[in-house]
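Thanks for coming. Please have the sequence and the model open.

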Amino acid sequence: MTRVFSGIKPTGHLTLGNYLGAVRQWAAVDQHRAESLFCVVDLHALTVEHDPARVRRLSRQAATLLLAAGLDPRVCTLFVQSHVDEHTRLAYLLECTAADGEMRRMVQYKEKAAREQRRGGSVRLSLLTYPVLMAADILAYGADEVPVGDDQAQHVELTRDLAVRFNHRYGPVFTVPRAVLPQVAARVMNLQDPGSKMGKSEDTGPGIVYLLDEPEVVRRKVLRAVTDSGQDVAYDPQERPGVANLLEILAACTGRAPQDLAAGYDSYGALKKDTAEAVVEELRPLRERHAELVADPGYVDGVLREGAERARALARPTVDAAYRAIGLLPPG
Ligand code: TYM
């Protein structure tokens with residue numbers, strides 16, 4: 001059976017980008033067709049300036065939202081990365097497989113390192129090695145597929161390179177995974193700045209729809225989205241990124257193609273109004289289920305405990321095999 005692994009980082013409140021680009025596919029499709037593992041990757045949240053209490057809070061919130069979005073612990077495994085030691089055990093071996101230069105070429109590293117420096121902070125070494133830990137997340141489970149948004153494609157490519165290189169040098173330990181991107185909304189853009197991604201770690205609140213925003217807030221944000229100077233509604237991501245972004249969001253919520261949707265509108269106002277309502281409706285069940293789950297934290301903790309046990313059992317044989325293959329003496 002195909003095995004799927006994906007993760008989400010608790011560095012901020014989950015956004016519509018996370019949902020349309022990744023989480024929705026996990027819940028609606030992946031968990032039902034593949035042996036699936038989904039992980040709140042809390043160690044990744046330590047790679048930039050962080051507040052310990054906030055990371056803890058956001059980790060539980062992310063897990064709760066994933067359940068609210070429809071992940072079903074009876075058919076998939078949901079767990080927290082730091083609960084399973086195999087990730088960091090394997091990351092070190094992959095650091096011994098990766099080269100400094102290939103880490104420095106990662107687009108997200110360059111962007112995030114520049115941002116940390118602009119804020120006057122230092123760049124943590126873990127920010128540079130982040131993609132290696134991500135590769136360990138994936139390779140520890142022998143995942144075939146990694147459903148992610150477009151911004152993670154380069155990291156999955158690196159994961160493939162590391163798997164191939166390790167297997168070639170030390171023997172066939174790892175499955176070589178591939179990224180699976182959604183057909184629409186693989187890169188949801190910031191509503192106030194359609195040139196940049198809608199990211200949960202950014203501070204530009206008005207351009208970001210958070211999954212727990214009240215319906216009124218969602219409507220306001222979508223209605224105030226920056227559009228382009230043209231008048232007619234056309235799907236042209238290069239020339240009209242603001243309108244294309246709204247069309248993609250609406251397409252993702254309605255299951256129609258952005259080009260077809262564009263033909264049905266003759267004003268930006270009408271497009272914004274329909275998009276706002278579609279997003280509110282898309283998020284409604286999630287918000288309701290989230291409210292129920294928050295009232296039952298013991299349930300969420302139990303899911304994460306069982307998830308970590310299952311994950312550990314799956315990862316250990318592969319990570320042990322990697323330790324042997326690379327030349328480490330097994331304990332007697
Ligand atoms: P993270 O936490 O930034 O995002 C989680 C998922 O949401 C997708 N995503 C988006 N998709 C479309 N439009 C957007 N604006 C948008 N913003 C985020 C991301 O592509 C991702 O799929 N490094 C990863 C976490 C990670 C991981 C892994 C993922 C760690 N280990 C192993 C897969 C497999 C990250 O920072 O995702």
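First a definition: helices (H or I, at least four residues) and strands (E, at least two) are DSSP runs, numbered from the N terminus. What you see is a predicted model, in which local features need pLDDT of at least 70 and side-chain atom pairs count only at pLDDT 80 or more, while totals for chains, interfaces and linings use all residues. Residues are numbered from 1 along each chain as its sequence is written.

Ala 185 lies in the loop between strand S5 (178-180) and helix H8 (215-223). Its phi is positive, about 65°, although Ala 185 is not a glycine. Is Ala 185 buried or exposed? I call a residue buried if 20 or more other C-beta atoms lie within 10 Å of its own, exposed if 12 or fewer, and partly exposed in between, with C-beta atoms placed from the backbone. Ala 185 has 26 C-beta neighbours inside 10 Å, so it counts as buried.

Now the domains. The protein chain is divided into domain 1 (3-181 + 297-326) and domain 2 (205-291); these bounds come from an automatic or database domain assignment. Taken over C-alpha atoms, the domain centres are 29 Å apart. For contacts, two residues qualify if their C-beta atoms, placed from the backbone, lie within 7 Å. By that rule, ten residues of domain 1 are in contact with eleven residues of domain 2. On the domain 1 side that touches domain 2, helix H1 (16-33) and H2 each supply at least two residues.

On to the strands. Two strands pair if DSSP finds at least two bridges between them. Strand S1 (residues 3-8) and S2 run parallel and are joined by six bridges, with Phe 5 opposite Leu 37 in S2. S1, H1 and S2 form a right-handed β-α-β unit. Right-handed here means that, with the strands pointing away from the viewer, the path from the first strand over the helix to the second runs clockwise.

Strand S2 (residues 35-40) in turn pairs with S3 in the parallel sense, over five bridges. The chain gets from S2 to S3 through helix H2 (residues 52-68), and this β-α-β crossover is also right-handed. Two positions to look at: Cys 76 in S3 is the bridge partner of Ser 36, and Val 40 stands opposite Val 80 in S3.

How many residues of S3 are buried? Five of the five residues of strand S3 (residues 76-80) are, so the strand is largely enclosed by the rest of the structure. In a regular strand the side chains alternate between the two faces of the sheet. In S3 both faces are covered: Cys 76, Leu 78 and Val 80 are buried on one side, Thr 77 and Phe 79 on the other. S2 is mostly covered, with five of its six residues buried.

Next, the core. A nonpolar core is a set of buried Ala, Val, Leu, Ile, Met, Phe, Trp, Tyr and Cys residues joined through C-beta atoms within 7 Å. The largest one has 96 residues, and Leu 66 and Val 279 have the most contacts inside it. This core draws at least three residues from each of domain 1 and domain 2. Outside four places in sequence, Leu 66 is in contact with Val 23, Phe 38, Leu 71 and Leu 78.

Ala 278 is found in helix H11 (residues 268-294) and is partly exposed, with 18 other C-beta atoms within 10 Å. Beyond its neighbours within four places, Ala 278 is in contact with Leu 250, Cys 253 and Thr 254.

Ala 113 is in helix H5 (residues 107-118). Which residues does Ala 113 touch, not counting those up to four places away? They are Val 123 and Leu 127. Ala 113 and Leu 127 are 14 residues apart in sequence and 7.6 Å apart in space, C-alpha to C-alpha. Ala 113 has 18 C-beta neighbours inside 10 Å and therefore counts as partly exposed.
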